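Here is a short report on a protein and its ligand. Look at the sequence and the 3D view, then read on.

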Amino acid sequence: MMRTICVQSFSQWRKEARELLSTGVPPHAVQWSEALQSDDLFGAVEQPRLAYGAPDATTTAPENTRETARMPREMLRMLETAACFRSPDRYAFLYKIVWRWQLGQKDVLSPADEDGARLNAMVKTIRREQHKMHAYLRFRERPAAAGAPQFVAWFEPEHDVLPQVAEHFSRRMGHTTWMIGTPQATMLWDGSRVVAGPPVMQGPEDIADTGEAMWLTYYRSTFNPARLNVSVMQGHIASRYWKNMPEGALVPAMIAEAAAGAQRDGQTKTVGARNGVTIPISADDAQPKREQPSTLDQCRRCDLWRNATQAVPGVGPAAARIMLVGEQPGDQEDLAGTPFIGPAGQVLDDAFAQSGLARESIYLTNAVKHFKWEPRGKRRLHKTPAQMEVTACSYWLEEELASVQPDVIVALGGTALKAILGNPKATLGDRIGVPFQHEGRWIVVVYHPSYILRVPDAEAKAKAMAVLIEGLKFAQNLST
Ligand code: URA
C-alpha cells in the first residue's frame, strides 16, 4: 500500500523516516509531499525556525532512539544540508539514502555511488549558496522606529538556506536588530533570538532605506576605475546578486565612465599619489609565482596589500578533509607566495612527521593572506594583524571553506580561532587541545608554531609542541 506523507521540515521528515524505517517500509511504498508554507505555519510569532531544512533541537541534540544513535553525526549533517536543496523529490531522495544506508550500503554516502554523488553535489551546492548569501546580502539601515528592525535586507536565494544564514548573521551582528526578507519567508533577529515568519516584502524596493545614500557614496569612493576588470567583476558576482545590491545600480555608469577615460585618469591620480614602499628584493622575485593572477591578488579589502609582495593563497587538495589555518604569511611565505615554508613551517613539518599526518593531504592556509610587517633595520618583522584586517580577510577564508568543505579545521593560535569563529573576542583559553563543533565542523585549537619557536623554556616548549602534535592526531581521527 502506498503511503503519502506530507512534511514541512527536516525535523518532521526525520521523525517520519525513523518510523518508516523501523517498520521496514521501502522507498517505493512512500510518496512524500511538501506542505505549502501558509500563514498558519508561521502564525505563532514565537516560531523559532523556518519550516524547511532548519537546524533545530531535534537535529542537534541526539535523541535516545535506535536510528539516531547509529547514524553518524556527519551523515545527519549531510542530510540536513541536502534538505535545503529545492527539488520536488528531496525528501523522497533522502529517504532512499537512509533506507540504503540501514541496509548496510554505506557507500550510499560516497561520491562514487550514484545516489551518493547526487547527495554530495546537493550538499556542495547548499554550502556555496550559503556562502553567496553571506557575501552578497546587504543590510540597509532604516529610520529608527519603535519595534522595527534597525537593518533590513532582501535576498532571493535559489535554495532554502535562509535559516542557516540567519543564524550566521545573528552570531555576527550582536545586539542590532535586523530582518531578512526573501520571496519565501522572512527572518527577524530581535537582538536575542531568530523569529521566522511568512514573506512580508515583495522586493528590495520595500526597504525604507535611510542608510542607502551613505552606502552608495562609500561604494563610489572605493571604486577604482584604474583597476576595473569588467569580466572578472561580473563573472565573480552573478547578475542575480548585483540586482539586489544597492551598488549594483551604480555599476553600469561606472563601467561606462571607466571606458571613457576615467580608467587612465584614475590610474594617474590615485596610484600616482600613493607613496611607494621599498621592498628589498628583486622585481622578478616579487612577481606572484602562480600562472594567472587570481582575484585574491587584486584584493583591496584592507590596506595590507600595499606593503606585501603578494597575497598568499591556501594550498592543498581541493577536497582535503582537514584544513589548517595559521595567522598570516611570514617573510619567506610573502616572497614565495606559499604558506608555511619558513621557520614556522619547519615546526609544522616536524609536528606532521610526529603525528603521522601527511602535509600533502592537508589544506594549509592563513586567516590573513597578506604579510603585515614593520621594518627593523634591514629586516621585516612580523606584526600581528588588526581585527579589521582579520575581518576583511574572512571573505577569503569563507571562500576556501565553502570550496574545500573540510570536516576538521585546525586553528593555529588565537588569530586563526577568531577568524574561524567570526568572534573577535575568542581566546585560546580552555579551548586549546579540546575539539569542539562549530557550524557543523570540528575545530581543533593548538598553539601556533611560531609561538612554539619563541617559548624560551624547554619544558614549556615541549608541552606546546605536544599539544600541536596531539591536535593533529585529533584532526586525523575526526576526519572521515
Ligand atoms: N605563520 C603563519 O601563520 N602562516 C604562515 O604561512 C607562516 C607563518
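A crossing is right-handed if the near helix is turned clockwise from the far one by less than a right angle, and left-handed if anticlockwise. By that rule, α6 passes α7 in a right-handed crossing. Note that this is a predicted model.

Two packed helices are described by the angle between their axes and the distance between the axes. Take helix α6 (residues 114–136) and helix α7 (residues 162–172): their axes come within 10 Å and cross at roughly 45°.

## Around the ligand

Which residues surround the ligand? They are G326, E327, Q328, P329, G330, E333, P339, F340, A344, N366 and H448. By class, this shell holds four nonpolar, five polar and two charged residues.

## Polar contacts and burial

A polar backbone atom of E327 is 2.7 Å from an oxygen atom of the ligand. In the side chain of N366, an N or O atom lies 2.6 Å from a ligand nitrogen atom. For H448, an N or O atom of the side chain is 2.7 Å from an oxygen atom of the ligand.

How much of the ligand does the protein bury? Taken alone, the ligand exposes 240 Å², and the protein buries 94% of that.

Conventions: Residues are numbered from 1 along each chain as its sequence is written. This is a predicted model: local features need pLDDT of at least 70, side-chain atom pairs count only at pLDDT 80 or more; totals for chains, interfaces and linings use all residues. Side-chain values use heavy atoms; hydrogens and water are left out. A residue is near a molecule or strand if one of its heavy atoms lies within 4 Å of it. A polar contact is a pair of N or O atoms within 3.5 Å; within protein, one must be able to donate a hydrogen and the other to accept it, and residues adjacent in sequence count only if both atoms are side-chain atoms. Accessible areas come from the Shrake-Rupley method with a 1.4 Å probe; for residues, only the protein chains shown count as cover. Ala, Val, Leu, Ile, Met, Phe, Trp, Tyr, Cys and Pro count as nonpolar, Asp, Glu, Lys and Arg as charged, and the others, Gly among them, as polar. Axes are lines fitted to C-alpha atoms, for helices over the stretch in contact, and angles run from 0 to 180 degrees between N-to-C directions. Helices (H or I, at least four residues) and strands (E, at least two) are DSSP runs, numbered from the N terminus.
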